[in-house]
Amino acid sequence: MKNKIILSCLLAVGLTGCTESFLDITPETSLSSVTFFKTQADFQQAVNACYVPLRTIYNDRSWLLSEQHSDNTYYARNTAFGATEQQEDLADFSIPVSNGLTTNTHVLNQYRQDYLIIARANQILALIDKADFDATEKANLKGQAQFMRGFAYFELYRYFNKAPLQLTPVTTREAAAAKMGTAADLEKIITDDLIGAAANLKPKSTQEAGRATSGAAKTVLANLYIIQKKWAEAEKLMKEVVAEGNYSLIPDYNNVFSTSTANKNNAESVFEVQFQEGSNGFNGTFMYNFLPRPMTETELKTLSGTSNPQPQTGEGNNIPTPDVIAAYEAGDLRKDASIGYITCATTLWEGKTYPIIKKYMKTHSLNGNHGMNWPVYRYSEVLLFLAEALNEQGKTAEAATYMNMVRKRAGLANTTATSQADFRTALIKERRVELAFENKRWHDLVRTDTYKAVITARGEAIKKDPFSYYYQRGYTLRSNSFSVIEKYYPMPADEAALNPNIK
């Protein structure tokens, strides 16, 4: 029940003790916020808890709602396994909708994880100003809570374009059923939180690795401004991030993404979700989610390098489509760094050799347990945001300077686009390949209002040639495939049953 979820969120931040890493949170206790939140260590522990749901979101869900719900990836249908309709409905644009509500589990869980972050941040923000400890550290902790709440509302804004407004701790059953906020309401919350976060947070040069920074807050806010077409505001923020000097493009695209134990929070990282291989519960499994199935232990070992690989059954997800593979220009170094191939001898698909997301295929020690971080924002996207904001203000020549920095790293010549319209098209293509498989594509299709045309064409292509999209020859897609191509997700039906304001 919604009120129970929210109240459990509050208990989860009522924790004692310091930790060696902000990945850690200590077990729940019966302490109340009134007795617990007193010292810097108390608030530090509470802020740590705000980051925790990000691991669930990025390990289990964002790629389903963003990347696989676009023309970049698809699932690898394993007819011997049976249906996994919750994932398929997202990839096939056939999620069940009734009166603006859906029963899709992944939509529900995304919503709940975002509100878990919001509930924890609300508790901090309601109390931290009254606490007595070092002002600089207090500002940094407050900024992290502001960033996390603003980021969670930004997620809700992009997925649903509306959401209940929870800005204070929930203390009663009645308060759990908050009123529905419009897109404009969410934009104000996000803007206020991220402006506050940018002012309070430390820059990357002095912030603990992995935590939100002033540069990260400005980047998320610029992302919102770009959706709102506030080009001048986005330009200003992105030029500030560039001028910081805290970020740079890593010369070799192969080295941009972390391994299970190294290269984390590197020079190009603006914000990334922290994972840690091992038995402490901070590990990721997304590499395994992205594998075609079935796969033998020998085949898996060529990718994972573990000493105890296990056969992979079920159904694979997030398999690169022929469309995204074809989107790379000849000579683009990012193609081989991003996309690899694996032959699965026992698969029923006659093609046998599947493309895989190579940028996340890193060797590690434990089967089904790895520590690669997930890149949420990288410096290359800052440069592409800046290029887009400049071009939309008619400054196409200046915009090309920043996009060409990204292209040069990819081994490509400068863009040939000189008109505003041509540059706009070129930039979206550049974003597609530079940020492939990083959960950007669906949101780009939505904000450019091209989602309907692109996804309709994708559906027709799959129906015409299902074999090229990893179906067995002669397979016929479900009759409801590509019948629900909507700009935003419907609200979760389970939450609407608990909050009458959700409609």
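View 1. The structure shown is a predicted model, and the view is centred on the residues E329, R407, A426, K429 and E430, which lie nearest the centre of the second largest pocket among the 17 residues that line it.

**View 2. Helices α16 and α17 at the second largest pocket.** In this view, α16, spanning residues 396–409, and α17 each contribute at least two residues to the lining of the second largest pocket, and α17 gives the most, with 6 residues. Sorted by class, the lining of the second largest pocket consists of 6 nonpolar, 4 polar and 7 charged residues.

**View 3. Helices α9, α17 and α18 at the largest pocket.** At least two lining residues of the largest pocket come from each of three helices, namely α9 (214–228), α17 (420–434) and α18 (441–447). Of the contributions to the lining of the largest pocket, that of α17 is the greatest, with 6 residues.

**View 4. Helix α17 in the linings of both pockets.** This view returns to α17, which gives the most residues to the lining of the largest pocket and also gives the most to the lining of the second largest pocket.

Key
Residues are numbered from 1 along each chain as its sequence is written. This is a predicted model: local features need pLDDT of at least 70, side-chain atom pairs count only at pLDDT 80 or more; totals for chains, interfaces and linings use all residues. Side-chain values use heavy atoms; hydrogens and water are left out. Helices (H or I, at least four residues) and strands (E, at least two) are DSSP runs, numbered from the N terminus. On a 1 Å grid over the protein atoms alone, a cavity is a set of points where a 1.4 Å probe fits but cannot get out, and a pocket is an open set with protein on both sides within 12 Å along at least five of seven lines; lining residues have an atom within 4 Å of a point. Ala, Val, Leu, Ile, Met, Phe, Trp, Tyr, Cys and Pro count as nonpolar, Asp, Glu, Lys and Arg as charged, and the others, Gly among them, as polar.
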